[in-house]
Amino acid sequence: MTREEIRKDLKNLLSEKRFEHTLGVEYTSACLAMRYGADMEKARMAGLLHDCAKYLSAEDKIAYSKRYGMPISKYEKKNPELLHAKLGACFANVKYGIADPEILSAITWHTTGKPDMSLLDKIVYVADYLEPNRNQAPNLAEVRELAFKDLDECLCQILEDSIKYLSNKKSTTDPMTRRTWEYYRIYRMRNQEV
Ligand SMILES: [Fe+2]
Ligand SMILES: [Fe+2]
């Protein structure tokens, strides 16, 4: 499918708000790709498709995950919403014909991140957090500025803010988000020592 065809399909499937967010992530990913010398077309496609499975109900997310043979962790079983990322990569591949592993990886890890992310993984993760329609997160102005100055530092700041936010809400944090934060926290400490 062409990008135009995918966009039309998503416009029908997603809520208006989610579709606007999707376009925000597509274009913010493209801007970050320009800034950091990543492949702009891949960044746009990953941004456009990152939430393509978000419209499914919790039951359907579990049912599709089983159908695709995806392992479901205990935490995901409790929070099926999280499955939309991995499922999004499956849909991108099976339904929209995207075979590029870098695009599929960026979609897969856009919610939790993972240790040692690729440049495209980081771009889509960051774009998802700060695209122009977002207005809830703390320190947004600062984080937006940082995104175009130092992508790794921006990533660390987002992870730190997300972990703090979840612990203030007394919500449990996905183990992968914690692993990502541990990895980048140590990475930041090492960089600060140099
Ligand atoms: Fe998402
Ligand atoms: Fe998103």
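The site of the iron ion (ligand 2) is irregular, with angles of 82 to 173° among its four donor atoms. Four are square planar, and six octahedral, if opposite donors are over 155 degrees apart and all others between 65 and 115; anything else is irregular.

A word on the source. This is a predicted model, where local features need pLDDT of at least 70, side-chain atom pairs count only at pLDDT 80 or more, and totals for chains, interfaces and linings use all residues. Residues are numbered from 1 along each chain as its sequence is written, chains are lettered from A and ligands numbered from 1 in the order in which they are written, and side-chain values use heavy atoms, with hydrogens and water left out.

Which residues hold the iron ion (ligand 2)? H21 and H50 coordinate through NE2, D51 and D128 through OD, at 2.2 to 2.3 Å. Donors here are N, O and S atoms within 2.8 Å of the metal (3.2 Å for Na, K and Ca); water is not among the atoms, so sites may look incomplete. Along the chain, the donors follow the spacing H-x28-H-D-x76-D.

The iron ion (ligand 1) is 3.4 Å from the iron ion (ligand 2), and D51 coordinates both.

Back to H21. H21 sits in helix 2, residues 16–36. Helices are DSSP runs of H or I, at least four residues, numbered from the N terminus. Buried or exposed? H21 counts as buried because its relative accessibility is 5%. Buried means under 20% relative accessible area, exposed over 50%, partly exposed in between, with a 1.4 Å probe and protein chains only. H50 and D51 are buried too. Contact means heavy atoms within 4.5 Å. Neighbours within four places in sequence aside, H21 touches H50, D51, D128, E131, N133 and R134.

Next, the largest pocket. A pocket is an open set of points on a 1 Å grid over the protein atoms alone, where a 1.4 Å probe fits, with protein on both sides within 12 Å along at least five of seven lines; lining residues have an atom within 4 Å of a point. Its space is about 1300 Å³. Of 34 lining residues, T111, D128, Y129, R134 and Y165 are closest to the centre. Helix 2, helix 8 (119–130) and helix 10 (151–168) each supply at least two. Helix 10 gives the largest share, five residues.

Last, the second largest pocket holds about 190 Å³ of space.

Conventions
Tetrahedral: all angles 85-135°; square planar, octahedral: opposite > 155°, others 65-115°. Points joined across faces, edges and corners; volume = space filled by probe spheres on them.
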